[in-house]
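Dear colleague,

Please find the structure below, together with its sequence. My notes on it follow.

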Amino acid sequence: MSTNGSIPDVVPFYRYGNKPADPSWSSAFIFIIYSRYHISGDIRPYEKHCGGVELYLENMYRQYERRGGFEGMEKSGIAWGTYGEWVPADVHQRPSATYISAFNWILTLQQAAEMAQAAGDIDRSILYRTNASYVSREFLDVFYDESSSTFGRGGQTELSLALRLNLLDSNETMRVGTTLAKRLEDDGGGWTVGMFGFKYILQSLVKTKNAGAAFDLLMNMADPSLGYMLTNDVEPATTNLWELWDGIHQGGSMDSRNHHMYSTIATFLFELAGVVGNQQPGLGYSQRTPLRLLVGGVSRNISSVCSKTKTKRGPFEFCWEIEGGAGGGAGMGTESQQRFFTTSFSRTTFKATLSTGIYSNVTVPIVGSLGNLLTRNGVYVMIEENGKEIFQGSLTRQTVEISHKPVTGLHRLAYDLQSNSLMFLISSGKFNFQVLQAAINRDE
């Protein structure tokens, strides 16, 4: 970094790129520090580099003012940035480089403010939040059309990035999400994004209750798509992804077959598997802020999934399966109780491996129609851990805490009315739970 806060496109700066960098490239400086904080709650990298963070953001503000703000940039036609949305699948939906730079700058201001607050660096936190608020207002003034609930020219990337910034109220956010889902439908259900849109489109769809559209996009096998990269009969990818969506049709330069920029798909795959997104920094390291895990994930298209990874504290595993069917809860309760069970029946299993010191709150929904029946009559539940029954009885709207047989590492078992779910607070160990649910029919 220069003394004026500028950063080159490539570090070390000896061959490629420019200095000062495209704002979307230099923003990696903030993103790397924020990632350390967000994943583990480690604020030390920010504390070490807080002076550099301030210099960098001041440099960005000077660039912004010198160009006349976003409005001046758009009117002059002189883009802020060199690269913008890198290698989009559809160049006709490529946003302006200024739009991409504006997004990344606002996001870095938001992240810097959050880290400064966590570090007790209050003056800088206030400064960054104030600047973020100011430029966000102009971003909305220049790029947002409230009448059509769209941003920019309404492409997949523009809509996805705007939703990531959280600038709108909940109703407007949902309307923009509907616009994104419609855009996807108009595009034939295929990808048109590049590097930045790719990072956020799936999460933006889920966030606005369009998880089905996100799942369909992920499973798309047409050219161009992730599925096509993996299943084409010319040069199928294995554990890698291409830089160019049509890489097998290109030659010479820029034909990387192992490009890290699309590795962000891993974030969504964990979210799809129920490792809930938007975790607070350092979540999972205390009983007060446990890691959130959701049986059923974020899409109703999946009935079973297993996610595994290695962390600095040890292995992590979260696997679940949901089965529904008839049978009236055979084997549950007494014979006299069973005659009150309806034919609505569900079996949910989940396994979890948590390293020492890791806490997790696992949510198990009352499945399907059983949730509606619980609010009326109640649901009979049997819970086993590693084949041993720890609870059997009925749940009603009045149930909160569930008394159960002791299980090492199970700190709390409860029913949450708002989410209509069972809540398991667990820590440090291997768990294998089975939850049987049968609706109670009190009409007899």
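In these notes, a residue is called buried when its relative accessible area is under 20%, exposed when it is over 50%, and partly exposed in between, using a 1.4 Å probe and protein chains only. The model is predicted, so local features are reported only at pLDDT of at least 70 and side-chain atom pairs only at pLDDT 80 or more, while totals for chains, interfaces and linings use all residues. Residues are numbered from 1 along each chain as its sequence is written, and side-chain values use heavy atoms, without hydrogens and water.

**Aromatic residues**

Rings of Phe, Tyr and Trp (for Trp, the six-membered ring) form a pair if their centres lie within 6.5 Å; planes under 30 degrees apart are stacked, over 60 edge-to-face, and the rest tilted. The structure holds 30 aromatic pairs. Tyr-34 and Tyr-37 are edge-to-face, because their ring centres are 6.1 Å apart and their planes lie at 65 degrees. Both residues belong to helix H2 (residues 28–40), where a spacing of three residues separates them by about one helical turn. Helices (H or I, at least four residues) and strands (E, at least two) are DSSP runs numbered from the N terminus. Tyr-34 and Tyr-37 are buried.

Phe-350 and Phe-424 also form an edge-to-face pair, with 5.3 Å between the centres and 80 degrees between the planes. Phe-350 lies in strand E6 (residues 341–365) and Phe-424 in strand E10 (residues 421–440), so this pair ties together parts that are 74 residues apart in sequence. Phe-350 is buried, at a relative accessible area of 0%, and Phe-424 is buried with 0% relative accessibility.

One aromatic cluster includes Tyr-61, Trp-80, Trp-105 and Phe-151.

A charge is said to sit over a ring if NZ of Lys or CZ of Arg is within 6 Å of the ring centre and within 35 degrees of the ring normal. Lys-199 lies over the face of Phe-31, 5.4 Å from the ring centre, and the charged end of Arg-257 is over the ring of Trp-242, at 5.8 Å from its centre.

**Two buried serines**

Ser-101, in helix H5 (residues 97–118), is buried, with a relative accessible area of 0%. A polar atom of the Ser-101 side chain lies 2.5 Å from the backbone oxygen of Trp-80. Contact here means heavy atoms within 4.5 Å. Apart from neighbours within four places in sequence, Ser-101 is in contact with Asp-22, Pro-23, Ser-24, Trp-80 and Gly-81.

Ser-204 is found in helix H9 (residues 195–207) and is buried at 3% relative accessibility. The side chain of Ser-204 reaches the backbone oxygen of Ser-160 at 3.0 Å. Not counting residues up to four places away in sequence, Ser-204 touches Ser-160, Leu-163, Arg-164 and Leu-180.

**A loop glycine**

Gly-282 is in the loop between helix H12 (265–272) and strand E3 (291–294), and counts as buried at 9% relative accessibility. Among the residues that Gly-282 touches, leaving out those up to four places away in sequence, are Tyr-37, His-38 and Thr-289.

Terms used:
Polar contact = N/O pair within 3.5 Å; in protein donor to acceptor, adjacent residues only side chain to side chain.
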